[in-house]
Amino acid sequence: LLKIVAGLQTADSGKIEKARVVTVGYLPQDGIATKGRTLYKEVETAFELELKVQNDLNEVHESLNTLDPSSPSYGEVIEIMGELQHKLEDLDIYRMKAKIERVLMGLGFGVNDFERQTEEFSGGWQMRIALAKLLLQEPSLLLLDEPTNHLDLDTLQWLEDYLREYNGAIILVSHDRAFLDNLCRRTFTLSRGELQEYSGNYSFYEQEKEVRKE
């Protein structure tokens, strides 16, 4: 179901409907592997748009040094530079470093890990890298398949607190009943090809399931 919603798998029937402005982020259970960058640089790719605007601003700033201040082009470049600076402020790039550090350290990475190559990390830590990127991208719909796997108690508590304040929708698959109870407001069950909805957390679902059975 998560893969269908994420657009990675085609449904046998039916269709997915979503608004154009909706962005979807998907964390699979396994099969995650990154290499070729440091941990910090890998996670920084979550800010692809922000980094592109920053790069454009740097190029415009450099071109300014080659222009005559009295020329019409100089004024145009100043105007473009102002627009790019406003765009960066809207994107909140000036807090990017603080955001990256907060999420990485919240997920259990130390400052000494930031410059390590990503291929040095084991499968469980690779999952944390992917989760860090997703949280920083802030998609409007976050699809998490067993995100608590490989997490220690402190990291689990941090993630729970972070997701509780998340500014978007979350579809969560987990075997951790306490995690589901603390986060979820609606529960869906798949059984015999049918999806049923319960208007509460996992404990509510267990009670309501018995009522429906009777």
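Is Glu42 buried or exposed? With a relative accessibility of 5%, Glu42 counts as buried, where buried stands for under 20% relative accessible area, exposed for over 50% and partly exposed for what lies in between (1.4 Å probe, protein chains only). The model looked at here is a predicted one, so local features need pLDDT of at least 70 and side-chain atom pairs count only at pLDDT 80 or more, while totals for chains, interfaces and linings use all residues. Residues are numbered from 1 along each chain as its sequence is written, and side-chain values use heavy atoms, with hydrogens and water left out.

Glu42 has a charged partner: its side chain meets that of Arg37 in a salt bridge (3.0 Å, N to O). Such a bridge is a side-chain nitrogen of Lys or Arg within 4 Å of a carboxyl oxygen of Asp or Glu. Arg37, at 39% relative accessibility, is partly exposed. A search of the whole structure turns up 13 salt bridges.

Another of these pairs Asp152 with Arg128 (3.6 Å, N to O). Asp152 sits in the loop between β2 and α7 (153-164) and Arg128 in helix α6 (residues 123-137), so the pair ties together parts that are 24 residues apart in sequence. Here helices (H or I, at least four residues) and strands (E, at least two) are DSSP runs, numbered from the N terminus. Arg128 is buried at 3% relative accessibility, whereas Asp152 is partly exposed at 36%.

Then there is Arg177, whose side chain meets that of Glu206 in a salt bridge (3.0 Å, N to O). Arg177 belongs to helix α8 (residues 177-183) and Glu206 to helix α9 (residues 202-213), so this pair ties together parts that are 29 residues apart in sequence.

Turning to the strands, three of them form an open sheet in the order β1-β2-β3, with parallel pairing. β1 (24-27) and β3 (169-173) stand at the edges with a single partner strand each, so one side of each has no neighbour in the sheet. Two strands count as paired if DSSP finds at least two bridges between them. Strand β2 (residues 141-145) is joined to β3 by five bridges, and Leu141 stands opposite Ala169 in β3.

Helix α5 (residues 96-106) has Met96, Ile100, Val103, Leu104 and Gly106 buried. Seen down the axis of α5, these buried residues fall within an arc of 165°, so they line one face of the helix; the arc is that of the directions from the helix axis to the C-beta atoms. After α5 comes Gly108, whose phi is positive, near 100°.
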